[in-house]
2 protein chains.
Amino acid sequence: MPSESLGFTSHDHTSCVASALACAEATCKERKAQLTPVRRRVLEILLENHSAMGAYDVLARLDAEGFGSKPPIAYRALAFLVEQGFVHRIERLNAFIACTHPGTVHDPAFMICRDCGLVAEAQSANLALQKAATESGFQLEQTVIEAQGLCPACQTGATT
Amino acid sequence: MPSESLGFTSHDHTSCVASALACAEATCKERKAQLTPVRRRVLEILLENHSAMGAYDVLARLDAEGFGSKPPIAYRALAFLVEQGFVHRIERLNAFIACTHPGTVHDPAFMICRDCGLVAEAQSANLALQKAATESGFQLEQTVIEAQGLCPACQTGATT
DNA sequence: AGGGTGTATGTTATAACATCACAAGGCGGA
DNA sequence: TCCGCCTTGTGATGTTATAACATACACCCT
C-alpha cells in the first residue's frame with residue numbers, strides 16, 4: 001500500500017514519515033545544510049499530520065514541546081524546509097504541507113478539497129504556461145498550481 | 001507607464017479602462033447583479049492602477065473618496081468583483097487585479113515579475129492537471145495558476 | 001400604506017498570517 | 001584567540017482577512 005497522496009486513497013503512514021525524514025537528512029548532508037532540531041521537528045510534525053497546516057498550528061506544537069513560542073521560530077524553520085524542497089507552501093490556504101515525494105526535482109501541483117481540506121500533490125508540467133512565458137519573453141522561475149474542488153470522498157453530500 | 005497585461009508590452013490605457021467598465025456594466029445588467037457605486041469605483045481603481053493592489057491599498061483610496069474606511073468595505077466589493085469575474089485574486093501576492101479580458105469565460109494564469117511586481121494575465125488550459133484530477137477522481141472546480149519570474153524589462157540587471 | 005424579504009452598507013472588534021530588528025549562542029577557520 | 005557566519009530567542013509591529021451585529025434601502029405583495 002504505497003503512500004499515494006496523488007490519489008486521495010489511504011495508505012500506510014508510519015513508513016512514509018520515516019522515509020521522508022531519512023531522505024531529508026541525506027539531502028541536507030549532501031548539501032551541507034543543517035537539519036537542526038527545530039527544523040527536523042517541524043518536518044516531522046508536518047509529515048505526521050499529513051495535511052496542510054498553518055504556521056501558527058505548527059508553532060503551537062513547537063511551543064508545547066519547548067521549542068519557543070514566537071512566530072519567527074516557526075516561520076524560519078518552514079522557510080528553510082520550503083527552500084530545501086521538503087515542504088511546500090499552499091498559497092491558497094496560507095499553509096504548509098510536507099512534500100509527498102522529496103528528493104525528486106519537481107514543480108508540484110496541488111488539488112485541494114474545499115470540503116474536507118485534504119490536499120493532494122501531483123506533478124504539474126504546465127506546458128501551456130511555459131509556452132505563454134516563452135512567447136512573451138517572461139523568464140519563468142517557479143510556478144504555483146493549485147486546483148480547488150471536491151475530493152472523491154466529499155463528492156457525495158458535500159456543501160454545494 | 002502601464003504595461004499591457006498579456007505580454008509585458010505597453011499599450012493605450014485609457015480606452016481599455018472604459019471598455020472594461022462598459023463590459024462590467026453590461027454583464028451585471030444581464031445577470032441582474034448590482035454594480036453599486038463602491039463596487040464600480042473599486043473596479044475603476046483597479047483598472048486605472050493596472051497592477052495588482054492589496055485590499056488595503058484599495059481601501060485607502062476608497063476612504064480618501066468618502067466611501068468608508070473599514071476593511072469590509074473593500075473586501076466585500078472585491079469579493080463581488082471576483083465572483084463576477086471582473087477581478088482576479090493573485091494568491092501569491094494577496095492582491096487583486098482587474099481582469100484583462102472580461103466577458104470571456106476563462107480560467108486565468110498569471111505571470112508575476114518578482115522584480116517590478118507587474119502581473120500579466122494569460123490563458124491556462126492546464127491539461128496535465130485536468131488529467132491528474134480525472135485519474136484520481138478529483139472534481140475540479142477552479143484552478144490557481146501563478147508563475148513567478150522575471151519580466152522582459154527586468155531581465156537585465158535584476159536582483160538575482 | 002403596511003409589512004415582509006432580500007441585498008447592500010456601516011461599524012466594532014478581533015482573528016489569522018507574517019516580518020522586522022536586535023541580542024545572544026555555537027562553531028569552524030584564519 | 002578572534003572573527004565571521006549561521007542559527008536561535010524574543011519583543012514589537014505590520015499586514016491581511018473575517019466575524020458579528022446593526023442599519024438602510026429597494027422591491028414586491030396585499
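**Close-up views of a predicted model**

**View 1. The contact between chain A and chain B in the predicted model.** Chain A brings 34 residues to this contact, and chain B brings 33 residues. On the side of chain A that touches chain B, the elements that give two or more residues are β3 (108–113), β4 (119–123), α5 (127–136) and β5 (139–150) of chain A. Of these, β5(A) gives the most, with 12 residues. Sorted by class, the residues on this side of chain A are 19 nonpolar, 11 polar and 4 charged.

**View 2. The pairing of β5(A) with β5(B).** Strand β5 of chain B covers residues 139–150. β5(A) pairs with this strand in the antiparallel sense, over 11 bridges. For one residue of chain A the partner can be named: A:Glu146 has B:Val144, in β5(B), as its bridge partner.

**View 3. The surface near DNA strand D.** Both chains supply elements here. From chain A, α2 (37–49) and α4 (71–84) each supply at least two residues. The most comes from α4(A), with 4 residues. By class, this surface is made of 10 nonpolar, 5 polar and 3 charged residues.

**View 4. The residues that come nearest to DNA strand D.**

Technical notes:
Residues numbered from 1 in each chain as written. Chains lettered and ligands numbered in written order. Predicted model: local features only at pLDDT ≥ 70, side-chain atom pairs only at ≥ 80, totals over all residues. Near = placed C-beta within 6 Å. Nonpolar A, V, L, I, M, F, W, Y, C, P; charged D, E, K, R; others polar. Contact = placed C-beta atoms within 7 Å. Pairing = 2+ DSSP bridges.
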